[in-house]
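Work through the exercises below with the sequence and coordinates at hand. Each task is followed by a stepwise solution.

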Amino acid sequence: MSTNNILLNFIAIRNAFFSEVSIGITANAFLLLFHVLWFFLKHRPRPTDLAIGHLALIHLVMLITVGVIAADILENPQLWEDITCKAVNYLYQVMRGLSLGTTCLLSVLQAITLSPRSSCLAKFKHTASHHIICGFLFLWLFNFFISARFFISTTATTNRTSNSLMFVTKSCSLRPLSYLPWYTFYVTAIFRDVSLLGLMAISSGYMVTLLCRHKRRSQHLYSTSLSPRASPEHRATQTILLLMSVFVLLYLLDCMVFSFSGMWWKIDPGHLCLLMLVGNGYATIGPLVLISSENRMIQLFKSIWEKESKCLLVQE
């Protein structure tokens, strides 16, 4: 491949990445603003609303952080100090772990919401709002611990010729840990990912079963032409299932790209940019899926507009 083609491919990937980050930051900020306004102006939110707002906040911080990391990779700024390298890379890894955990929690909460009264999950419906804060706290503490290896091993790059360092950005590198700490963190991270993905698959399968059962019952009670519209709970469940599908697809794609990339990312910013493009796709696509199916947004902003119009009339 010629130098010009390599340069054009790099520019295309870089532009696609920064476009993805820009769209993701805007979408997550809008989604977070909606849930904050809904909380203060309407009524007590549902447990899934809290989880979605929490997920939007995580993705917002995550995309801002990866934008900062990308700027250090692609541009030529002043080199970071050691504490800056540790803080930025540690924060990004914590946000990635929280994204996985909160998505799994959202799936479980929706399964509880959809469960029938005869189900063993029904007893958690009224207490889910109280337990979700504890769930958030556990996820934060657990991911602070899991990602500690990045805080320990990240260091400012002082010697670019060292073979013992794995370069992350122009300013930062990862130094290898000894066997026991590395093995402990690695096994714990694998356990976290497998456990949460398994729980996500179980809750998603449970929701699909309930939706299929409801559809069969509706076909017995109503003719095909007069079938009722899906309830808000069922529409929300379909959205969550779509979100789970997007997450799993992009998670597997991220693993594949990282596996096939080998060690390119050490020396080639283009390949690292491609990894970040795929790895942060869920943080951009996820909020767009949630926004496109959120009918309450029109209701909320319409009520805000009516209040503002009344205030202006009173002042006149």
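A disulfide is a pair of cysteine sulfur atoms within 2.5 Å. The model used here is predicted.

**Exercise 1. Count the disulfides by this rule and describe how each is placed in the fold.**

Step 1. Applying the cut-off gives one disulfide.

Step 2. The partners are Cys-85 and Cys-172, with an S to S distance of 2.1 Å, which is within the 2.5 Å limit.

Step 3. The angle about the S-S bond is -85°, and the link of Cys-85 and Cys-172 is left-handed.

Step 4. Because Cys-85 belongs to helix H3 (residues 82-114) and Cys-172 to strand S3 (residues 172-174), the pair ties together parts that are 87 residues apart in sequence.

Step 5. Both Cys-85 and Cys-172 are buried.

**Exercise 2. Classify Cys-134 and Cys-255 by accessibility.**

Step 1. Exposed requires over 50% relative accessible area, and buried requires under 20%.

Step 2. Cys-134 has 51% relative accessibility, so this residue counts as exposed.

Step 3. Cys-255 has a relative accessible area of 35% and is therefore partly exposed.

**Exercise 3. Describe the packing of helix H2 (residues 47-74) against helix H9 (residues 281-292).**

Step 1. Two packed helices are described by the angle between their axes and the distance between the axes.

Step 2. The axes of H2 and H9 come within 10 Å and cross at roughly 145°. The crossing of H2 and H9 is left-handed.

Step 3. From H2, the residues Ile-52, Leu-55, His-59, Met-62 and Leu-63 meet Tyr-282, Ala-283, Thr-284 and Leu-290 of H9.

Step 4. Sorted by type, the residues of the contact of H2 with H9 are seven nonpolar, two polar and no charged.

**Exercise 4. Which residues have the most contacts inside the largest nonpolar core, and which elements build that core?**

Step 1. The largest nonpolar core has 63 residues, and Phe-17, Val-66, Leu-243, Met-276 and Tyr-282 have the most contacts inside it.

Step 2. Two or more residues each come from helix H1 (3-41), H2, H3, helix H4 (128-146), helix H6 (179-221), helix H7 (232-261), helix H8 (269-279) and H9.

Step 3. H3 gives the most to this core, with 14 residues.

Step 4. Beyond its neighbours within four places in sequence, Phe-17 is in contact with Val-66, Ala-70, Cys-273, Met-276, Leu-277 and Asn-280.

**Exercise 5. Summarise the whole chain: how many helices and strands does the protein have?**

Step 1. The protein has 10 helices and three strands, in the order α-α-α-α-α-β-β-β-α-α-α-α-α along the sequence.

Step 2. Of its 316 residues, 42% count as buried.

Terms used:
Residues numbered from 1 in each chain as written. Predicted model: local features only at pLDDT ≥ 70, side-chain atom pairs only at ≥ 80, totals over all residues. Heavy atoms only, no water. Helix = DSSP H or I, 4+ residues; strand = E, 2+ residues; numbered from the N terminus. Buried < 20%, exposed > 50% of the residue type's maximum accessible area, 1.4 Å probe, protein only. Axes fitted to C-alpha atoms, helices over the stretch in contact; angles between N-to-C directions. Left-handed = near helix turned anticlockwise from the far one by under 90°. Contact = heavy atoms within 4.5 Å. Nonpolar A, V, L, I, M, F, W, Y, C, P; charged D, E, K, R; others polar. Core = buried A, V, L, I, M, F, W, Y, C linked by side-chain atoms within 4.5 Å.
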